[in-house]
Amino acid sequence: MTYLFNQPSDFARELTEGFVAAHSDKVRQVPGGVVRSTRSPEGSVAIVVGGGSGHYPAFAGLVGQGLAHGAAMGNLFASPSAQQICSVARAAHNGGGVLLTFGNYAGDVLHFGQAKARLNAEGIPCELLAVTDDISSAPPEEWQKRRGVAGDLAVFKAAAAAAEAGYGLAAVLAVAERANQRTRSFGVAFSGCTLPGADHPLFTVPEGMMGVGMGIHGEPGINDAPISSADELAELLVNALLKEVPQAVTTLSGQRLSVVLNGLGGVKYEELFVVYRRVAQLLTAQGLTIVEPEVGELVTSFDMAGLSLTLFWLDEELERFWRAPANTPAFRKGSMTVAEPREECEFNVEQDSIPEATPASREAAQCVAAALAAARDVIVANVDELGRIDAVAGDGDHGIGMERGVVAAAETAASMLGRQAGAGTLLQRAADAWADRAGGTSGAIWGVALNALGTALGDSAKPDGARVALGIRQAAEGIMHFGKAKAGDKTLVDALLPFSEALTQRVNAGEALPQAWLNAAQVAQQAADATAQLRPKIGRARPLAEKSLGTPDAGAISLAMILNVVAAVLNQGQTERPAVQETQAQ
């Protein structure tokens with residue numbers, strides 16, 4: 001468990017402050033994360049990495065000379081928002097463009113993708129790459145769906161060394177892509193991790209078993225198997241990875257590769273060395289040459305007990321980049337001359353431009369802001385009841401989290417109107433505010449949803465029914481991918497999917513958006529109420545599934561409430577805003 005914290009909600013912020021205080025010679029804090037505190041060559045490419053906090057040394061610990069120029073840091077296990085990523089990228093930018101690189105998780109893909117679009121619109125050339133090294137998370141023919149785990153280090157290091165060597169943005173991206181194609185990882189977990197303030201693990205592994213292929217957030221792997229000996233585990237990992245040698249590697253004998261044996265937080269270094277002993281024997285027996293291996297904690301998951309093995313198949317250039325010196329708080333290689341410190345005026349952290357919008361989109365933004373204000377009012381009026389529903393089988397904080405998020409979103413929307421923002425930008429900034437202020441699962445989910453809708457609407461055309469329906473569908477897809485929820489799991493998805501399907505059907509049938517939304521909202525309300533008959537299959541309510549029976553899901557109920565009041569805004573004249581009804585647990 002996590003022993004040392006103050007307020008759980010302050011943990012990510014306070015760990016960042018302490019990290020910077022301990023390593024001020026290498027990093028500086030900026031809004032959204034950290035950047036190098038030393039100068040980089042003018043005109044060079046900046047490598048910005050990132051993801052949720054809770055995985056140290058990833059991602060902040062890899063910022064420094066020879067590695068990343070900046071790290072965008074989300075809340076615990078939550079993607080940083082597009083706003084945070086842009087803030088870090090602006091501060092890290094050296095004039096040669098920015099490569100955004102991160103593990104392949106839905107929230108990260110969405111937020112980093114949005115950040116790329118914003119940075120390019122601001123005139124900062126930007127590319128991105130999602131690392132996909134975890135072979136257990138998808139078959140080879142669907143490698144684009146694979147997660148990014150400890151192979152992040154190999155890709156980050158190769159890209160950073162290329163940038164240090166003076167490569168341009170396109171060439172740095174090409175190196176990163178080749179490193180990603182040549183990196184494979186496979187891991188196991190023995191137990192889950194416990195977040196600050198929680199009284200139970202985020203996920204569990206059956207006693208005496210190990211989750212083979214399990215992800216660092218508890219994502220499903222291949223199967224559970226009895227815990228093996230160290231040698232047997234080494235053989236399992238090596239054999240699995242040698243079945244997936246990259247196509248560029250035509251023969252094993254004589255091939256050079258690097259190896260990363262990564263501890264996930266609860267496995268001690270001494271244990272890792274016992275496993276690595278056998279890993280090295282097995283690889284050498286295949287005629288392989290191991291180049292500068294790494295054994296230790298590189299991508300962790302709080303106190304999760306587990307480990308992963310990464311093979312990074314080298315070519316001449318990638319080996320040179322892997323061997324290149326680096327000096328960061330958590331990763332050092334070789335020796336290098338310490339760069340001059342950057343002056344305060346050199347950090348570009350204040351730029352916050354608003355993309356130009358058409359009059360039609362600015363007019364639509366007023367409607368969006370009114371809808372968010374209505375959502376704020378109904379959530380604030382029912383925050384206690386939402387908390388009561390959530391407390392039946394959860395921790396009871398859904399109402400409070402929703403209130404924080406929607407209030408922040410509504411405030412930001414009002415501010416964006418004053419700055420002549422279009423509908424897309426207004427929604428994206430409101431999404432950032434919601435995710436930043438709310439935290440937790442609901443904050444991440446609503447951040448993903450509003451960002452997806454904002455991306456679909458854009459700042460040019462006047463949103464029509466088809467475009468809104470598309471945005472809602474993309475929001476649902478993003479939430480399901482990010483949260484791993486599906487219909488029947490007793491989550492917000494059980495109301496969102498029927499709403500999306502009904503809205504699309506009615507819009508395609510020629511119904512005007514206001515009426516189509518109203519009718520679809522009624523479908524969502526019925527679906528939300530019907531979640532009372534479901535047992536939760538994921539999330540914190542799952543251990544109390546039977547207790548939850550008879551009470552609807554709080555996330556589905558709050559979604560239905562918001563959809564109903566948005567319908568009133570769209571249909572102008574309908575001002576009555578329904579309050580959630582008392583629902584007694586049976």
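Start with α9, α12 (423-438), α13 (440-457), α14 (465-483), α15 (493-508), α16 (513-530) and α18 (554-570): each supplies at least two residues to the lining of the second largest pocket. Keep in mind that this is a predicted model.

**Stop 1: the second largest pocket**

Select Cys367, Val368, Trp517, Val566 and Leu570. Of the 37 lining residues, these lie nearest the centre of the pocket. The space in this pocket is about 850 Å³. Which helix gives the most to the lining? Colour α9: its contribution is 8 residues. Now colour the lining by class. You get 32 nonpolar, 2 polar and 3 charged residues.

**Stop 2: α16 against α18**

Show α16 and α18 as cartoons. Their axes are 9 Å apart, and the packing angle is about 160°. An angle over 145° counts as roughly antiparallel, so α16 is roughly antiparallel to α18. The crossing of this pair is left-handed.

Next, bring up the side chains:

- On α16, select Pro514, Trp517, Leu518, Ala521, Ala524, Gln525, Ala528 and Asp529.
- On α18, select Ala556, Ile557, Ala560, Met561, Leu563, Asn564, Val566, Ala567 and Leu570.

These two sets meet each other. By class, the contact of α16 with α18 holds 14 nonpolar residues, 2 polar and 1 charged. Trp517, Val566 and Leu570 belong to this contact, and they are also among the residues nearest the centre of the second largest pocket.

**Stop 3: α9 against α11**

Is the crossing left-handed or right-handed? For α9 and α11 the answer is left-handed.

Select the contact in two parts:

- From α9, take Ala365, Gln366, Ala369, Leu372, Ala373, Ala375, Arg376, Ile379 and Val380.
- From α11, take Met402, Glu403, Val406, Val407, Ala409, Ala410, Ala413 and Leu417.

Arg376 and Glu403 are the charged pair of names to pick out in the two lists.

**Stop 4: α4 against α5**

Move to α4 (residues 152-164) and α5 (residues 169-181). Their axes run 8 Å apart at an angle of about 155°. That makes α4 roughly antiparallel to α5. This crossing is right-handed. Select Ala154, Val155, Ala158, Ala159, Ala162 and Ala163 on α4, then Val172, Val175, Ala176, Ala179 and Asn180 on α5. Together they make the contact. What classes are present where α4 meets α5? There are 10 nonpolar residues, 1 polar and no charged.

**Stop 5: the cavities**

Switch to a cavity view. How many cavities of 30 Å³ or more does the whole structure hold? The search finds 2.

Begin with the largest cavity, which holds about 90 Å³ of space. Its lining has 16 residues, and Val149, Gly187, Met214, Ile216 and Ser308 lie nearest the centre. Colour β7 (183-191) and β13 (305-313), the elements that give two or more residues to this lining. The largest share, 4 residues, comes from β7. By class, the lining of the largest cavity has 8 nonpolar, 7 polar and 1 charged.

For the second largest cavity, select Arg36, Thr38, Ser40, His69, Ala92, Asn94 and Arg342, which line it. Its volume is about 30 Å³. This lining divides into 1 nonpolar, 4 polar and 2 charged residues.

**Stop 6: backbone exceptions**

Most peptide bonds are trans, and most residues other than glycine have a negative phi.

- Tyr56 and Pro57 are joined by a cis peptide bond, with omega about 10°. Find Pro57 in the loop between β3 (46-53) and β4 (70-76).
- Ala58 and Phe59 are also joined by a cis peptide bond, again with omega about 10°. Phe59 sits in the loop between β3 and β4.
- Phe302 has a positive phi, near 55°. Look for Phe302 in the loop between β12 (294-296) and β13.

Methods: Residues are numbered from 1 along each chain as its sequence is written. This is a predicted model: local features need pLDDT of at least 70, side-chain atom pairs count only at pLDDT 80 or more; totals for chains, interfaces and linings use all residues. Side-chain values use heavy atoms; hydrogens and water are left out. A crossing is left-handed if the near helix is turned anticlockwise from the far one by less than a right angle, and right-handed if clockwise. Contact means heavy atoms within 4.5 Å. On a 1 Å grid over the protein atoms alone, a cavity is a set of points where a 1.4 Å probe fits but cannot get out, and a pocket is an open set with protein on both sides within 12 Å along at least five of seven lines; lining residues have an atom within 4 Å of a point. Grid points are joined across faces, edges and corners, and a volume is the space filled by probe spheres set on the points. Axes are lines fitted to C-alpha atoms, for helices over the stretch in contact, and angles run from 0 to 180 degrees between N-to-C directions. Angles under 35 degrees count as roughly parallel, over 145 as roughly antiparallel, 65 to 115 as roughly perpendicular and the rest as oblique.
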